[in-house]
Amino acid sequence: MYDPDPDAALPVPFGYVVGDYGPAEHETFSEGFHVLHNPWARTPLAASALDGFTDHRLQPDGRLLTTIRHPDYFVSQTMIIQGGKAALPTARLRVQQYLADDAGRR
């Protein structure tokens with residue numbers, strides 16, 4: 001996922017077991033949406049018009065200002081482990097192994 005460090009060259013690895021965050025876990029409509037604002041628009045979109053979306057705005061000095069309001073994933077892969085609740089320890093172990101292996105390659 002996105003790394004806010006301005007010197008970052010790689011995204012931050014992430015992993016979790018779906019359901020570990022309880023019944024409140026859900027994906028919102030704004031997740032994954034990026035709004036590229038037209039700096040020459042006659043009627044610019046207000047900064048708060050699309051709450052929750054990732055905004056990209058060209059600044060007067062030519063730099064790009066990106067505002068991220070939630071974790072922003074570049075790519076993800078889903079691993080399906082069958083076995084119901086009995087498989088949860090295995091799933092959690094796999095996430096830990098993935099994060100440990102990936103962090104070692106960075």
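**Briefing: a spread-out β-β-β-α model**

The protein has an accessible surface of about 8,600 Å², and carbon and sulfur atoms hold 57% of that area (Shrake-Rupley method, 1.4 Å probe; for residues, only the protein chains shown count as cover). The model is predicted: local features need pLDDT of at least 70, side-chain atom pairs count only at pLDDT 80 or more, and totals for chains, interfaces and linings use all residues. Residues are numbered from 1 along each chain as its sequence is written, and side-chain values use heavy atoms, with hydrogens and water left out.

**Fold and overall shape**

- The protein contains 1 helix and 3 strands (DSSP runs numbered from the N terminus: helices are H or I with at least four residues, strands are E with at least two).
- Their order along the sequence is β-β-β-α.
- The radius of gyration is 18 Å, well over the 13 Å that the globule rule gives for 106 residues, so the protein is more spread out than a compact globule. This radius is taken over C-alpha atoms, and the rule is 2.2 Å times the number of residues to the power 0.38.
- Along the principal axes, the C-alpha atoms fill a box of roughly 60 × 35 × 15 Å.

**Burial, contacts and charge**

- Of the 106 residues, 16% are buried (buried is under 20% relative accessible area, exposed over 50%, partly exposed in between; 1.4 Å probe, protein chains only).
- Among contacts with a separation of 6 or more, 35% join residues 24 or more positions apart (contact means heavy atoms within 4.5 Å).
- The protein has 9 positive and 13 negative charges, and their mean positions are 2 Å apart. Lys and Arg count as positive, Asp and Glu as negative; His and the chain ends are not counted. Each charge is placed at NZ of Lys, CZ of Arg, CG of Asp or CD of Glu.

**The aromatic pair**

- The count is 1 aromatic pair (rings of Phe, Tyr and Trp, with its six-membered ring, pair if their centres lie within 6.5 Å; planes under 30 degrees apart are stacked, over 60 edge-to-face, the rest tilted).
- The ring centres of Phe33 and Phe53 are 5.3 Å apart and their planes stand at 55 degrees, so the pair is tilted.
- Phe33 sits in the segment before strand E1 (34-36) and Phe53 in the loop between E1 and strand E2 (54-58), so the pair ties together parts 20 residues apart in sequence.
- Phe33 is partly exposed at 37% relative accessibility, whereas Phe53 is buried at 11%.

**Thr28**

- Thr28 lies in the segment before E1 and is partly exposed, at 33% relative accessible area.
- Thr28 is 18 residues from Leu10 in sequence; their C-alpha atoms are 25 Å apart.
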